[in-house]
Amino acid sequence: MHDAARDLGRLSRLTAGCAGVAVAVFGTTALLMSLKGAPPDGFLADPAAALVPAGIALLLQTLPVHSRIAGRVVHGSAILLTLAAAAFCLAALPRHVVASMATLLAIAVLVLLGQLIRTLVGADRRRRELAGFTDTLFQSMNEAVMVLDANYRVIDVNRRWRELTGHDADEPVRFDPPPVPPAAGGDWLLPRVDGGTVPVLASVAPIPDEAGAPRAYVATYVDIADRKRAEETLGEKAAELERGNARLRETNTRLETALTFKNDLTSMLTHDVAQPISSIASLAELLHADWDDLPDDIRLELATKIDKNTQRLIKMMNDLQLLFRLDMGSITARRVPVPLHEVAVGVAAASTAGPGEVLIEVDDELAALADRGHVSAVLQNLVTNAIAYGVAPVVISAVRHGEQVDLIVQDSGQGILDELLPNLFGRFMRGSGLGLFIVRHLVEANGGSVRYEHADPHGARLIATWEAALG
């Protein structure tokens, strides 16, 4: 459209310029032909002389000018020439009325034609100024813009679009088809000529014609790479904060666990440890005060009770030491084939049970793949617990099934109440001290498990499952 207007202005100026030249030449020729013999009134008395300045005036108005001052000079010169042409006609009016009037009419037509040319030239100048302003505005936009026709062929792109896509300043668009964003718009990846992409906020809007149908499209792209980086940084900070919160929650959990452990340990020391210490102190005081008056059998009985409480206290201290090692995660299992019958015999002999109170029903060939010390400690705790809280006889048995072997300790008492079972192997289970808690951790450290079953017809049945040794 702008090109058509520009071409129309050029054609109008060319036509008017040719007309001005033709008029000036015609006037000169007519004047020369009418001046035969040099009339006494001179050539200025001939109205044809007026066509020469009028044609030159029209010619001046078609000249392209590039400044306001030059335009004013040319326009002023054209006015003066037009006035001179009118003066020539008026001077010739007394002699040549009709010719003068015709010449004045021709001059008027030339003036109107000159005014039309001036109007077209002014419109062309304003169009060029507007086009230059529009192009400057289009190229200076911070948003990348691509203009397409109704068939999605590229009409124009601005400087920012070339920068985002990697095109040079005067390089033709190298995308076929062009990168048109989805109609819904939003976050999108704008392709680059080097194969990369740029995150953008994209939109495309149709430009309707008179009937409302799209005659062109304008696609807009806003670079959001900084926003994406800020979002990623914010996400990383949020994730780091969440990790910090998780570590803080973990620390709080450990502190709560440690506080619970301290309270439980304090409770156990107050009750379970204080009792044998108090008993030892009382018996030792009695022996010391009445040693000379006590018979030998009473002395032996009191000394035996002191020894029994001392052994009980030593076991508690050993259990506490093992408990601390379990909490620190320093317990490791050195697994070797462990003959279960041999371990059962050793534990039974070291127990406080009387003759016939501990029965062993373990085949000699059964062996577990575990740490021997752990197996011995587990069985010792299970037997001690059965003797303390169950009823004799206590039966130690073992059964192999597939790749595993069960080491079972069963008493003949009333069994364990159902409400105590969920926390049976927990730390400081009331009535069992540290024994069953240590049992669970030692068995698990060797890859096994421990569970409780009600014995038939009655009693408690504790089962430690180990990996069976080959052989």
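**Figure 1. Contact of α9 with α10.** In this predicted model, H374, A377, V378, N381, L382 and N385 of α9 meet G435, L436, I438, V439, L442 and V443 of α10, where contact means heavy atoms within 4.5 Å. By class, this contact has 8 nonpolar, 4 polar and no charged residues; Ala, Val, Leu, Ile, Met, Phe, Trp, Tyr, Cys and Pro count as nonpolar, Asp, Glu, Lys and Arg as charged, and the others, Gly among them, as polar. Helices (H or I, at least four residues) and strands (E, at least two) are DSSP runs, numbered from the N terminus. Residues are numbered from 1 along each chain as its sequence is written. Local features need pLDDT of at least 70 and side-chain atom pairs count only at pLDDT 80 or more, while totals for chains, interfaces and linings use all residues; side-chain values use heavy atoms, with hydrogens and water left out.

**Figure 2. Axes of α9 and α10.** Two packed helices are described by the angle between their axes and the distance between the axes. The axes of α9 and α10 come within 9 Å and cross at roughly 150°. Axes are lines fitted to C-alpha atoms, for helices over the stretch in contact, and angles run from 0 to 180 degrees between N-to-C directions. The two helices are therefore roughly antiparallel (angles under 35 degrees count as roughly parallel, over 145 as roughly antiparallel, 65 to 115 as roughly perpendicular and the rest as oblique). Their crossing is left-handed; a crossing is left-handed if the near helix is turned anticlockwise from the far one by less than a right angle, and right-handed if clockwise.

Figure 3. N381 is found in helix α9, residues 372-389. N381 counts as buried because its relative accessibility is 7% (buried means under 20% relative accessible area, exposed over 50%, partly exposed in between, with a 1.4 Å probe and protein chains only). Not counting residues up to four places away in sequence, N381 touches K315, D319, G435, I438 and V439. In α10 (residues 435-445), the buried residues are G435, L436, F437, I438, V439, L442 and V443. Just after α10, G447 takes a positive phi of about 80°.

**Figure 4. Contact of α8 with α9.** The axes of α8 (residues 340-350) and α9 come within 10 Å and cross at roughly 50°. That angle makes α8 oblique to α9. The crossing of these two helices is right-handed. From α8, L340, E342, V343, A344 and V347 meet R372, V375, S376, L379, Q380 and V383 in α9. The residues of this contact divide into 7 nonpolar, 2 polar and 2 charged.

Figure 5. A460 lies in strand β12, residues 460-467. With 9% relative accessibility, A460 counts as buried. Leaving aside neighbours within four places in sequence, A460 is in contact with V409, Q410, D411, G415, I416, Y452, E453 and A455. The C-alpha atoms of A460 and V394 are separated by 9.7 Å, and the two residues are 66 residues apart along the chain. P457 is placed in the loop between β11 (449-454) and β12. A cis peptide bond joins D456 and P457, with omega about 10°.

**Figure 6. Backbone features in two other loops.** D176 and P177 are joined by a cis peptide bond with omega about 0°. P177 is found in the loop between α5 (159-165) and β3 (186-191). Y152 is in the loop between β1 (144-149) and β2 (154-157). Although not a glycine, Y152 has a positive phi of about 60°. Y152 counts as partly exposed, at 37% relative accessibility.
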